[in-house]
Structure formats: C-alpha cells, structure tokens
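Subject: Structure handover

Dear colleague,

Here is the structure I said I would pass on. My notes on it follow below.

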Amino acid sequence: MAANFSNAGSPAFEAARTAVLQTLPLFEMMRMRAATTARRHPILGFASDDRASSMRWVNHFTHTHRRIGPDDREVVSPNNDTVFSNAWLDLSRGPVLIDTPDMGERYWTLGLLDAWTNPFAYVGRRTTGNRRQRTLVHGPAWKGPVPGGVDNVISAPGEDVWVIGRLLVDDRPDDLEQAAALQRGIATHRLDGGVAAFRVDTVLHGGAGGAPDAALYRAMIDDALARNPVQAVERLCWPVDGTALALALPLVYEELRQKAQPHALGGGWALPVAVRTHWGEDVEMRARVARNFIGALGIEEAMYPTAEVDASGALLNGSHAYELKFEPDAVPEVDAFWSLTLYRRSDCLLVANPAHRYSVGDRLPGLQWGADGSLSIRIQSEDPGAAHNWLPAPPGEAFFVVLRLYQPRRRHLEFQFPYPPLRRL
C-alpha cells in the first residue's frame, strides 16, 4: 500500500525526489536510445513491419552527413562544426568490435557514455590517433581472450553504451563527401566477424523531453538497472512509493530545467558541464546535465563555456551590438579547434540569417586579426562590413553564445583562462 503523505515536504516525497535525481540519467539515456537507434538496417531490413513499433536495431551505426542548421530542431544547442555518427551498443550478447578508417589529419572522436551518462572512454584523435584501428568494447561480465588485430580494448561498466561520433567538416561539398565516406567506414562486428546488430524493444518512442508517467518511469528504471547497476561510489535509492514518485517526477524535471548550476569562469562566462570521465558523487549535477545537456563529452575532449550576459550583467539581446575581443595572449588555446556559436534563448536553437553563418572560429575563411595579434568578433543583427568578424544575432531577440573548445589546453582545463566579457557597443 502506498505511504500516506499529504505534501511535497513529506518523507515519502523526499525519498522519491532523491530517487528521481539519482535515476533520471538512466531514464533519459533510455529515451535517447529510443530516439536515436535505427528502425531500418541496410542488410537486415526493418526491425518491425509495424511503423508504430518501438523495435529498433542496436550495435549499428547511423550517420548525419551534413552540418546542423536552423531548421534542425531535434537537439538543443547543437554544434555546427562536425557531422555525427551514432550507435547504441548492447553488450549482453558479448563484445562488439568497432572498425574505424584512417582519418588522415581530420579531428574525430567516438565518445563512449555509460547508461549513467559517464563519458568513460574515447577512441579518436586525442586518445588513440587517426590511424585505421579496431576497438573491442565488452561488458563487465566478459572474460574471454582478445582476438588478434584488436588495437584498443574498452571495458564498459554496464551492458548499455552510447557511442557518439563527431567528425570535423568544412562547409564545402567535397569535404562533406569525404567525411561521409569516412563515416561509412565505421562498422561494427561480432568477434566471429558476423553482423553485430540485433533487435531490441526500446519501449519508448523518444518523443518530448518532459516528465514521464510514473509507471513507465518505474518500469524503464527497473529494466535499465538490471543491465547497468549503480556504481560503488553511491548507494541506490530505489524503489520508492508510487504515489510519491508520481508527484516528484514533474517537480524534479521542472526544477532541473530551471535551476542553473554552472561553474563560473569570469567575464559573464560559465561552464554548464565540467565532468572528465565520471560524475562521482555529484548526483544532482549529473541529473541536471542528463535533463539539459545529455551526451556532453568530458572537458579533456571538449569544453563549452557559455555566456548569456554582457559585461554589465544584462541579458544578451539582438536589439544591441556587442564585441567579444580576445587579447593577443588570451586567444582560445586548443589542440584541435574552437568556435563561437549563437543560439536563440527562447528555444536554444541556431538562428537563420542572410549570411547563413551560425558560428565563427579559427577555421573561418578570411578571419580578420588585429595588428597586435588580438581577435575581435562583432555579434549583432546588422552586417558590420567585411573589416569585421561577424556573428549574426536575431533582431530584437534574446540569445546566448557557446565557445566550443576541442582538446582544450591547460589554462582552460585548470579554469585559469581569462575569458573576455561581451561588451555592448
């Protein structure tokens, strides 16, 4: 029988709130699995003939072969620098081999996240290089011999793994075609060389990201926990009273949407995500990121400093013009690349503009540098002219900017970099 409680401050509610904060990443990862796994396999066909079915293919890569633009609305705050490759691994039937081609000089990474959103491993330019390579990913119960020809062995803490691939592209047809060919060279196999893909029922359809029904939430968490147990650093707070769970779910989801917990960097900049390989005991931050920034990489691979205000603390708005000036000794310091991307505040999406420019970075053709080695970016709705580096802003609308740093260097990683404020002109 459900516990008797009368308000959100009761012990039953507090226990449910604690449980939701802890387990929400599991549910959101299963939601993303449902949303991003393929209905159709190029060899094996459709996972189900019923279009309404939630059957999907796991252990199979899907790819986007173009840069995301303002018409893409599936993911909030998307990057405009890379194309994406995506796979969900189910290791319950044994290890999966991932083959990747020689990437030349291109930046690329496969980031592996466990079901608790810990970015626990990488394959790519920073960690394993750009050569052709074969990676074996196995679950916690596997003890078999590693076959010959394997370059990397990754031990996953659970049976579900989200692999998110990013390949840097220039917005040229030939470079997009080359990147697409490389993506098609990313393949999965069983240890015996057979097709690794198989069907699973994802139950969900990955729709809207609001609070789910309590019964569905409980069923999904029970199922996910069986494959992905809580790690030793925390004690599981599950199961909980059903009535309290139904009350806690929408309140916690809204709380996590509204409550900002960034790491202040100075100059009006903050870092929404500051994980390396594991969230450790920071359960609330893990839940907030799962709710709002799911799929984020660890900061050694990429950092995303974000600015929502100008030098005076006022919210950024396209009614005004701003300048962001990096002094000669304080231009972003990275081993891969950096970019500054603008998003509309109301929906966190890219903003259509006549220049079809959604980011400015170190790869922008014709980037204008100051004679002293400084770099200034004008952020405004009107084109300031060819003498300026222009990032278009939405006229009369609030916006924010994200400074993406791929393979950031020491001053960024140690939070010692002097981020300049956006100054209103």
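A residue is called buried under 20% relative accessible area, exposed over 50%, and partly exposed in between (1.4 Å probe, protein chains only). By that scale, Arg 344 and Asp 347 are both buried. The two form a salt bridge, with 3.3 Å between the closest N and O atoms; the term stands for a side-chain nitrogen of Lys or Arg within 4 Å of a carboxyl oxygen of Asp or Glu.

The model is predicted: local features need pLDDT of at least 70 and side-chain atom pairs pLDDT 80 or more, while totals for chains, interfaces and linings use all residues. Residues are numbered from 1 along each chain as its sequence is written, and side-chain values use heavy atoms, without hydrogens and water.

Salt bridges

The structure holds 21 salt bridges. In one of them, the side chains of Glu 255 and Arg 17 meet at 2.6 Å, N to O. Glu 255 belongs to helix H4 and Arg 17 to helix H1, so this pair ties together parts 238 residues apart in sequence. (Helices, H or I of at least four residues, and strands, E of at least two, are DSSP runs numbered from the N terminus.) Glu 255 is partly exposed, at 23% relative accessibility.

Glu 301 and Arg 126 also meet in a salt bridge, at 2.6 Å, N to O. Glu 301 sits in the loop between H5 and strand E16 (302-303), and Arg 126 in the loop between E8 and strand E9 (133-138), so parts 175 residues apart in sequence are tied together. Glu 301 is buried at 1% relative accessible area, whereas Arg 126 is partly exposed at 29%. Separately, a network of salt bridges links Asp 81, Asp 170, Arg 172, Asp 174 and Arg 363.

Sheet and helices

Five strands make an open sheet in the order E4-E5-E11-E7-E8, with antiparallel pairing; two strands pair if DSSP finds at least two bridges between them. Strand E4 (62-63) and strand E8 (119-124) are the edges, each pairing on one side only. Helix H1 (residues 11-36) packs on the sheet and touches E4, strand E5 (82-90), E7 and strand E11 (160-168), its direction making about 110 degrees with that of E5. Contact means heavy atoms within 4.5 Å. Axes are lines fitted to C-alpha atoms, for helices over the stretch in contact, and angles run from 0 to 180 degrees between N-to-C directions. Helix H2 (residues 173-184) packs on the sheet too, touching E4, E5 and E11, at about 10 degrees to the direction of E5.

Helix H5 (residues 283-292) has nine of its 10 residues buried, so the rest of the structure largely encloses it. The cover over those buried residues includes H1, helix H4 (242-258) and strand E14 (263-266).

Regards
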